[in-house]
Structures are given as structure tokens and as C-alpha cells.
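Work through the exercises below with the sequence and the 3D structure at hand. Each task is followed by its solution.

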Amino acid sequence: MDFQQKHILGIENLTAEEITFILDSAESFKEISTRSIKKVPTLRGKTIINLFFEASTRTRTSFEIAGKRLSADTVNISASGSSVVKGETLEDTARNIEAMRPDIIVMRHNASGACHYLAERLDCSVINAGDGMHEHPSQALLDAFTIRQHKGRIEGLTVAIVGDITHSRVVRSNIYCLNKLGARVRIAGPGTMLPPGIERLGCQVFSNLEDAIRDADCVMMLRIQRERQGASLIPSVREYARFFGLSEEKLRLAKADAIVMHPGPVNRGVEMASSVVDGPQNVILEQVENGVAVRMALLYLVSGGETLSHD
Amino acid sequence: MKTLIKSGRLVDPANHIDEKLDILIVAGKVAELAPNIDAGTAEVINAAGLIVTPGLIDMHVHLRDPGLEYKEDIISGTRAAAAGGVTSLACMPNSSPVNDNLAVTRYIISKAREQGSANVYPIGCITKGQKGEVLAEMGELKEGGCVGFSDDGLPVRDGEMMRRALEYANTFGAPVISHAEELSLVAGGCMNEGPVSTELGLKGIPWVAEDAMTARDIMLAELTGAHLHVAHVSTRGSVELVRQAKGRGVRVTCEATPHHFMLTDDAVRGYNTNAKMNPPLRSQADVDAIRAGLADGTIDAIATDHAPHHSDEKNVEFAIALNGIVGLETLLPLTLQLVAEKVLSLTQAIALVTCRPARILGIERGSLAPGAVADITLINPNKEWTLDAAQLQSKSRNTPFDGRTMKGHAVRTLLAGATVFER
């Protein structure tokens with residue numbers, strides 16, 4: 001198929017065919033990372049800027065490695081030490097960066113809609129690496145990729161997502177992505193972390209973890225931000241862990257071959273018991289590995305790469 | 001100096017008039033209303049095919065003057081008013097400095113008189129500096145020309161303070177205008193809380209943030225017997241609270257804005273900062289409730305909450321964009337839209353933007369009885385036009401209605417008999 005998207009702003013505006021095409025493309029990129037020389041000339045001469053207004057290790061590194069393995073020149077800009085602290089507007093920052101003629105800007109920003117804002121104003125491609133509480137499309141794609149790798153399909157599966165649903169961009173992107181690919185999505189969390197109308201995005205809402213994960217094929221646990229403790233969303237991390245943390249015992253409610261996922265970084269002993277993090281059902285590091293392949297595919301596809309020859 | 005407005009359909013709800021009448025204006029006042037007045041030496045304005053009404057009144061406007069003239073000033077703001085058919089407006093006190101003292105009140109009134117194109121009635125602060133701590137000198141402010149008191153934009157959080165404000169303002173016969181918002185429930189929200197905020201990942205403001213404060217202030221009005229005016233009601237619950245309070249005789253009035261009866265929070269999709277205002281655009285059920293409240297008289301006035309902002313303040317990430325939209329130049333067509341949709345009769349609609357807000361503010365406007373000041377708006381109700389924000393008279397362009405096709409506009413606006421705007 002012909003991939004027409006110039007930007008990757010969210011899963012919401014991708015079709016099932018486009019998502020599948022991205023995942024299929026990622027399959028062929030995955031092999032590159034297993035070679036002794038992990039580099040192909042596909043994006044040689046292209047400039048990619050990772051513009052990160054929020055702290056990130058995993059996502060930023062993953063995009064950077066993805067770009068480098070495709071031979072693009074990658075530059076990282078983080079908000080601290082940039083002109084943002086000098087009071088420059090996002091538009092001015094972006095225009096200044098664009099004046100240096102990058103081909104792709106990968107942006108993470110704490111404001112929902114910031115990537116749409118950028119894409120409306122710039123000529124280069126924009127990839128959303130997480131905007132506020134809105135979307136985190138590359139995460140949902142690597143999650144789908146990982147599920148597909150383990151289950152051979154996505155259609156018909158039941159995926160439970162547990163945690164702070166309100167503040168999670170990972171959830172929104174995953175709900176869109178999994179629905180489009182034919183999976184059933186269940187979500188669970190304390191009432192303070194379930195936003196109104198979330199079911200309209202395509203999920204079944206549970207107020208306890210046990211019901212949500214019962215007979216699920218995949219259990220995705222979300223990181224709990226410790227600062228939420230002070231914001232009256234949870235009384236304590238301890239109580240949260242007791243009711244919404246995934247223990248080995250609770251995990252037995254899911255299918256015997258269920259996989260356990262987490263977008264990272266994990267709070268051991270909070271959303272997941274250490275024994276689950278290290279247990280046989282976890283695929284967390286595979287998610288990270290697949291992230292590079294999926295991001296290589298995204299960078300390649302928005303560059304309008306005509307042929308898939310990367311030798 | 002005589003002027004004759006000839007052959008128009010006069011709609012003057014204050015005097016129960018809706019018929020073809022000529023209006024003779026002498027020395028800035030209405031001298032005679034009758035069919036086929038002989039022009040004599042008067043200048044004749046042909047109003048055939050037009051609706052003639054008392055000059056419109058917008059009781060909720062931010063003129064941004066003094067101090068924030070890069071957004072708007074008294075000259076541009078009143079010019080925008082005149083272009084929208086508005087001859088009288090009440091301006092909110094959150095200028096810089098705020099209007100909590102006689103010097104600012106006098107500045108506003110004198111600048112408007114000397115250089116403005118509309119009557120400007122200042123609203124004074126409830127509390128000094130809008131800080132909610134000490135009452136402003138309402139007596140002196142009222143004497144100086146303020147027609148009501150509000151800490152608009154900032155609710156008076158302390159219940160005791162609001163109680164005293166109502167009691168004290170009542171001493172001088174002025175209404176207290178409540179910006180009803182319980183900030184602890186707003187909690188950093190930037191749009192209506194609901195499915196759209198969930199989808200967009202924006203922190204929501206629940207309806208209860210408005211209803212809780214509306215309920216408190218109504219009860220305080222009931223306790224004190226003072227006149228409470230609730231600004232820009234946006235929720236189903238607020239409308240119902242006012243309806244019930246009126247039913248038991250509480251002295252409460254309220255207003256609604258055109259955007260709250262025309263738009264829902266769907267307009268925010270795409271992170272449109274021109275759909276960001278406070279109170280936020282709500283759900284369809286709220287829009288329906290406001291329309292019902294306008295139709296049954298619960299809501300006393302349509303006011304725009306004209307809130308000009310520089311494009312730099314809107315052209316940013318949604319969460320940090322400033323609240324508000326300009327409204328003076330779209331008040332009339334959006335109000336007439338309710339007539340076209342058969343929500344209101346023409347008389348009801350005109351009353352909501354003339355005599356009813358005049359009564360709330362206690363100003364001698366909104367009527368064209370003989371002897372009244374000849375503030376008059378001539379309306380072509382059938383003219384279809386497309387709003388081009390770049391063409392607005394306001395200094396600011398922040399409107400969600402840009403590009404929208406509207407029906408009806410003011411073709412001529414007279415202030416004390418003198419034409420201040422003509423299309």
C-alpha cells in the first residue's frame with residue numbers, strides 16, 4: 001500500500017490498514033537490529049530532531065537509535081537549557097528549528113494537542129512522541145507489535161489496561177489502536193483515575209483489577225506517578241498497590257498464557273510485584289526492543305520512502 | 001437638529017410596540033412616534049424593510065482599558081459595539097489597574113464620553129484589587145457612575161465576604177454580579193469536563209464548579225434580600241437554580257452568552273483556542289437548557305462577555321491559551337438566530353438585549369418612548385453575510401465564529417440621535 005500520512009499525530013486518525021502496514025514494515029526493520037552492523041543507508045542525508053519538552057529516557061533513546069540505524073542525522077533537544085526557559089513560544093521555537101531544515105521533528109510535550117499545533121504550522125513531518133494526556137502513538141504501535149508477535153493476531157483478543165487512565169496518553173492510543181485491530185479493551189483503576197466518557201473511546205470500564213484481567217490475553221499495567229498521591233487521587237502508594245497492583249496471585253485470573261506489559265519505567269512493588277516484573281509472562285523488554293523497529297518504520301514511512309530496500 | 005426614521009418596523013419591547021412607526025428625533029431625544037410623520041425640515045433616514053429597535057445593550061464587556069490597550073481600548077471597543085448595533089455596554093472592572101476606585105471609574109467614563117462611540121457603564125469591583133479581602137468603596141463608585149459590582153473572572157471565594165458585599169451593594173441599590181465558579185472544583189481545568197475532554201486529554205471543568213457557586217450566591221441573595229445577577233450561566237443546573245429561586249421570589253437575575261447557546265464543547269476539537277473561554281463551552285444538554293431558559297424568561301439578558309485577546313495569547317498550546325472571545329459584533333446575528341430557529345419571538349429576543357438588561361443595571365436606556373434618549377439600532381434582519389475576523393472593528397480577532405455565515409446585522413447605529421455607525 002501507499003502510506004500517505006505525513007505526520008504521526010495519533011492513532012485516532014490512522015486506519016486499520018495503515019496500522020497494519022506500519023506493523024508489517026516494522027517486522028522487516030526488526031532484523032536490522034540483530035545484525036552485527038546495525039545500520040542501513042535508508043535515511044542517509046535526512047535530519048531528525050528529537051524535541052523533548054518532558055523528561056524521557058526510553059522514548060527519546062529509542063527514536064534516536066531508530067534514526068541512527070537508518071543513517072539519519074539525529075539531534076536531541078531537551079527543554080531544559082533550551083530557549084523555552086527564556087520565554088520563547090512553542091511556535092517560535094519550532095520555526096527556528098525548522099529554519100535549520102530538519103526532515104522530521106519528533107516531539108514530546110506536556111500540553112495535549114501540542115503536536116497538532118506544530119504540524120499545523122510547520123512544513124516538515126511531525127511525529128508525536130507523547131502529548132500531554134492525549135496520545136502516544138508509537139507506544140501503542142509497539143504494544144500492538146509485541147502482542148501480535150506473541151499471539152499471532154490481535155483480532156478477538158482481550159486486553160486489560162490498569163492504572164491511572166485519566167492521565168495516560170498510552171491508554172488513549174492503545175484503545176484506538178486495539179479497537180481498530182479488532183481486540184476488546186478493558187480498563188480499570190480507582191474512580192479518581194477514570195475520566196468521564198472514556199467508554200466512548202471503545203472500552204469496558206471496571207472498578208477493580210480482578211474483574212478486568214479475568215481471562216484476559218494481555219494485561220497492561222500503567223506507571224503510577226508518585227506525585228498523584230498528594231493530589232488526592234490516591235491516599236497512598238501502599239493502598240494503591242494493594243488494590244490495583246498486579247501480584248502473581250492476581251495474575252492467575254488472566255489466561256494461563258497471558259502476557260504482561262508495561263510502558264515503563266516500572267515502579268516495582270507498586271503497579272507490579274517484582275516477581276511479576278521478573279516473571280515468565282512479562283514481555284516488557286521485548287516491548288522496548290520492538291520500539292526501535294516500530295520507530296524505524298515510522299521514520300521511514302513519514303519520509304515517504306519509496307522502496308523498502310535497506311541493504 | 002431633527003431626524004426622522006421613516007417606514008421602519010419599530011420593535012420596542014419596553015413599550016409593547018411592534019408596528020410600522022416613524023420616529024421623530026429632536027435634539028437627541030425621541031420626540032414623536034406615529035405612522036407617517038411629516039418630515040418637514042428633518043433629515044430623513046429611510047428604514048423601509050428594516051427593523052428599528054432601541055440601541056442594543058451588552059451588559060458584559062471587557063474593554064481592557066486602562067492598561068491592556070494592546071487587546072482593546074475604549075475607542076476600539078465602543079466602535080466594535082456600534083458596528084454590532086450596541087449603543088450601551090457595561091464594562092467589567094478587571095482592567096489594569098482594576099476599577100476599584102473613583103479615579104479609574106472617572107477615567108473610563110470621561111474617555112468614553114469624549115472619544116467613544118457608545119455609552120459605557122462601568123462595573124466596579126466587589127473587593128479592592130479583586131482580592132476578595134476588603135470591600136471596594138461601592139458607595140462612591142456608584143456615585144461616580146458604576147452600575148453594578150463584580151470581581152468578574154475571579155469569584156468571591158469567602159461566603160461571608162459575598163454576603164457582606166450583597167448587603168452593602170444593596171444599600172446603594174446596585175446589583176452584585178457573580179462570576180459563579182468554585183475554584184476548588186475547577187482545579188486547573190481548561191475546558192468542559194466530559195467525553196470531549198477525555199478524548200482530547202485536556203483537564204475538564206465539571207458543571208458542578210458553576211452550579212455549586214450559583215447555589216451559594218442565590219442562597220446569600222435570599223438571605224440578604226439583595227439583588228444578585230449571575231453572569232454567563234453555562235450549565236443546565238445553573239439555569240434550573242435561577243428558575244427555582246425566581247419561583248420563590250429571590251431577587252436574582254442572570255445572563256447567557258451567545259456562544260453558550262450556539263456552541264458545545266465539540267468546538268474545542270482540534271485544540272481550537274478560540275473555543276476556550278470561562279465558563280467553558282458545555283454539552284448539548286446545557287445548550288438546550290439555556291435556550292429553554294431564554295424562552296421561558298428565566299434568563300434575563302443576552303450578554304457577550306466580549307473578551308478581546310491578542311493573537312499571541314491565543315496562538316499557543318491549548319492549556320495555556322487565555323480564556324475568552326470577542327462578541328460585540330456577533331451579538332445581534334446570533335441572537336436573531338434564535339428567532340430564526342423559533343426559540344424566541346422577535347420581541348423576546350430584542351427585549352433580552354435592550355430593556356431587560358437596562359432594568360437589571362438600572363439605566364435609562366432600552367426604550368424608545370417619547371422623551372427617551374434616541375439610542376437606536378436599524379437592523380436588516382435578512383442580510384446574509386460571512387464573518388471575517390480580519391474585518392472586525394475590535395482590535396482583537398479571537399472568535400470561533402470566523403467564516404460562519406450569519407443572517408441579520410445592524411445597518412445603522414444612532415447614539416442620542418447621531419449616527420455612530422453606518423454600513
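**Exercise 1.** Determine how many of the five residues of strand 4 (residues 22-26) of chain B are buried.

Solution. Buried means under 20% relative accessible area, with a 1.4 Å probe and protein chains only. Strands are DSSP runs of E, at least two residues long, numbered from the N terminus. Four of the five residues in strand 4 of chain B are buried, and the strand is mostly covered.

The model is predicted: local features need pLDDT of at least 70, and side-chain atom pairs count only at pLDDT 80 or more, whereas totals for chains, interfaces and linings use all residues. Residues are numbered from 1 along each chain as its sequence is written, chains are lettered from A and ligands numbered from 1 in the order in which they are written, and side-chain values use heavy atoms, without hydrogens and water.

**Exercise 2.** Find the strands that pair with strand 4 of chain B.

Solution. Two strands pair if DSSP finds at least two bridges between them.
- Step 1: strand 1 (residues 2-6) of chain B pairs with strand 4 of chain B in the antiparallel sense, over four bridges. Here Lys2(B) is opposite Val26(B).
- Step 2: strand 5 (residues 29-34) of chain B also pairs with strand 4 of chain B in the antiparallel sense, over five bridges. Ile25(B) has Val30(B) as its bridge partner.
- Step 3: strands 4 and 5 of chain B form a hairpin with two residues between them. Ala27(B), in the turn, has a positive phi of about 55°.

**Exercise 3.** State which ring face Arg295(A) lies over.

Solution. A charge sits over a ring if NZ of Lys or CZ of Arg is within 6 Å of the ring centre and within 35 degrees of the ring normal. Arg295(A) lies over the face of Phe63(A), 5.0 Å from the ring centre.

Methods. Buried < 20%, exposed > 50% of the residue type's maximum accessible area, 1.4 Å probe, protein only.
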